[in-house]
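Here is a short briefing on one protein chain. Look over the sequence and the structure first, then read the points by topic.

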Amino acid sequence: MVMEPRLIGTRLLSRYRRLFHILSWLVVASYFGQAVLAGQFFSGSYRALGWHGTGGTVADVILFAAVMIGALLRWHAKGPIWPFWAALGLLVLNQAQNAAG
């Protein structure tokens, strides 16, 4: 069975969009966890500081994956470019926040 190139492109675009959507929600969950862990650290739970650092690394990895999927969404599936720029911007801002402590 041979599929039309247009149908293949539509499926590809749909899959990349779905994956970007999932990664976006994982970033939200990661940031929420970061806030909770910071609050626990300030409340006196010093173990939360280690988990907070790990959460920052997890957020970086998820955002890097989102940048890659955003690039594939744009240049491989011919989709919109805003997911790439949004993920890249968040990654840069996240790195600035990590550097600040």
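The model is predicted. Helices H2 and H3 run roughly antiparallel to each other. Five aromatic pairs are counted. Lysine 78, in the loop between H2 and H3, has a positive phi.

**Packing of H2 and H3**

- H2 covers residues 47-75, and its axis comes within 8 Å of the axis of H3.
- The two axes cross at roughly 160 degrees. Angles over 145 degrees count as roughly antiparallel, so H2 and H3 fall in that class.
- The crossing of H2 past H3 is left-handed.
- On the H2 side, the residues that meet H3 include Gly56, Ala59, Asp60, Leu63, Phe64 and Trp75.
- On the H3 side, the partners include Pro83, Phe84, Leu88, Leu91, Asn94 and Asn98.
- By class, this contact has 14 nonpolar, five polar and one charged residues.

**Asparagine 94 in H3**

- Asparagine 94 sits in H3, which spans residues 82-100.
- Is asparagine 94 buried or exposed? Its relative accessible area is 3%. Buried means under 20%, so asparagine 94 is buried.
- Beyond its neighbours within four places in sequence, asparagine 94 contacts Tyr31, Gly56, Ala59, Asp60 and Leu63.
- Gly56, Ala59, Asp60 and Leu63 are also among the H2 residues that meet H3.

- Serine 30 belongs to H1, residues 5-42.
- Serine 30 has 11% relative accessibility and counts as buried.
- Setting aside neighbours within four places in sequence, serine 30 touches Gly55 and Ala59.
- Valine 27 is buried, at 6% relative accessibility.
- With neighbours within four places in sequence left out, the contacts of valine 27 are Ile62 and Leu63.
- Valine 27 and isoleucine 81 are 54 residues apart along the chain, and their C-alpha atoms are separated by 19 Å.

**Aromatic pairs**

- The count comes to five aromatic pairs. One of them joins phenylalanine 41 and tyrosine 46, with ring centres 5.7 Å apart.
- The planes of these two rings stand at 80 degrees. Over 60 degrees counts as edge-to-face, so phenylalanine 41 and tyrosine 46 make an edge-to-face pair.
- Phenylalanine 41 is partly exposed, at 23% relative accessible area. Tyrosine 46 is exposed, at 63%.
- Phenylalanine 84 and tryptophan 85 also pair edge-to-face, with centres 5.1 Å apart and planes at 70 degrees.
- Phenylalanine 84 is buried, with a relative accessible area of 13%. Tryptophan 85 is exposed, with 51%.
- Phe41, Phe42 and Tyr46 together form one aromatic cluster.

**Lysine 78 in the loop**

- Where is lysine 78 found? Lysine 78 lies in the loop between H2 and H3.
- Lysine 78 is exposed, with a relative accessible area of 64%.
- The phi of lysine 78 is near 60 degrees, a positive value in a residue other than glycine.
- Most residues other than glycine have a negative phi.

Definitions and conventions
Residues numbered from 1 in each chain as written. Predicted model: local features only at pLDDT ≥ 70, side-chain atom pairs only at ≥ 80, totals over all residues. Heavy atoms only, no water. Phe/Tyr/Trp six-rings, centres within 6.5 Å; stacked < 30°, edge-to-face > 60°. Buried < 20%, exposed > 50% of the residue type's maximum accessible area, 1.4 Å probe, protein only. Helix = DSSP H or I, 4+ residues; strand = E, 2+ residues; numbered from the N terminus. Contact = heavy atoms within 4.5 Å. Axes fitted to C-alpha atoms, helices over the stretch in contact; angles between N-to-C directions. Parallel < 35°, antiparallel > 145°, perpendicular 65-115°, else oblique. Left-handed = near helix turned anticlockwise from the far one by under 90°. Nonpolar A, V, L, I, M, F, W, Y, C, P; charged D, E, K, R; others polar.
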